[in-house]
Amino acid sequence: MTILHLFHSEGLASAIVDAGGRDVTAESSESWCRTAVIGSIVNFNVLAYTGSEERSATVTVKAEGLKPLLINVVQDKFRGLVVVPSTL
């Protein structure tokens, strides 16, 4: 399994998949980790996170006739302050 480690803030990442010219698909196990495939490039769009524990999603990359590739996307726990407006 391949591991992709990201910061708590939202962001983008990409992976190039050599599938020998076959069509590539990618599906995430979690809704906060969105995927899109353009040619042989799998793009990851990770939503911002303010949780106190790291979280992970498994992205399954497939191409016809090839063994699926599993990518574990790990997002760090939040480090910092969360400012919430209040009435004074």
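This is a predicted model: local features need pLDDT of at least 70, side-chain atom pairs count only at pLDDT 80 or more; totals for chains, interfaces and linings use all residues.

**Entry 1, the core.** With that definition in hand, I looked up the largest nonpolar core and found that it has 16 residues, with Cys33, Val42, Phe44, Val59, Val61 and Val73 making the most contacts inside it. The elements that contribute two or more residues to this core are strand 3 (24-28), strand 5 (41-46), strand 6 (55-63) and strand 7. Strand 6 gives the most, with four residues. I set beside this the general remark that in soluble globular proteins nonpolar side chains tend to be buried together.

Of the 88 residues, 30% count as buried. The accessible surface comes to about 6200 Å², and 54% of it belongs to carbon and sulfur atoms. Among contacts between residues at least 6 apart in sequence, I noted that 63% join residues at least 24 apart.

I then followed an open sheet of three strands, whose order is 2-5-4 and whose pairing is antiparallel. Its edge strands are strand 2 (11-16) and strand 4 (33-38), each of which pairs on one side only, and the twist averages 20 degrees from one strand to the next. Six bridges join strand 2 to strand 5, and Ser14 stands opposite Asn43 of strand 5. Six bridges also join strand 4 to strand 5; here I looked up two pairs, and found that Thr35 has Phe44 as its bridge partner, while Val37 has Val42. The hairpin of strand 4 and strand 5 has two residues between the strands, and in it Gly39 takes a positive phi near 65 degrees.

Which residues of strand 5 lie on its covered face, and which on its uncovered one? The covered face holds Val42, Phe44 and Val46, whereas Ile41, Asn43 and Asn45 make up the uncovered one.

Leaving aside neighbours within four places in sequence, I find Val59 in contact with Ala26, Glu27, Ser28, Cys33, Thr35, Phe44, Leu69, Leu70, Ile71 and Val73.

The side chain of Ser28 reaches the backbone oxygen of Cys33 at 2.9 Å and the backbone oxygen of Glu30 at 3.0 Å. Not counting residues up to four places away in sequence, Ser28 touches Cys33, Thr35, Ala57, Thr58 and Val59.

Leu69 is found in strand 7 (residues 69-75). I recorded Leu69 as partly exposed because its relative accessibility is 33%. I also checked Leu69 against Val17: the two are 52 residues apart in sequence, and their C-alpha atoms are 9.2 Å apart in space.

How values were computed. Residues are numbered from 1 along each chain as its sequence is written. Side-chain values use heavy atoms; hydrogens and water are left out. Buried means under 20% relative accessible area, exposed over 50%, partly exposed in between (1.4 Å probe, protein chains only). A nonpolar core is a set of buried Ala, Val, Leu, Ile, Met, Phe, Trp, Tyr and Cys residues joined through side-chain atoms within 4.5 Å. Contact means heavy atoms within 4.5 Å. A polar contact is a pair of N or O atoms within 3.5 Å; within protein, one must be able to donate a hydrogen and the other to accept it, and residues adjacent in sequence count only if both atoms are side-chain atoms. Two strands pair if DSSP finds at least two bridges between them. Axes are lines fitted to C-alpha atoms, for helices over the stretch in contact, and angles run from 0 to 180 degrees between N-to-C directions. Accessible areas come from the Shrake-Rupley method with a 1.4 Å probe; for residues, only the protein chains shown count as cover.
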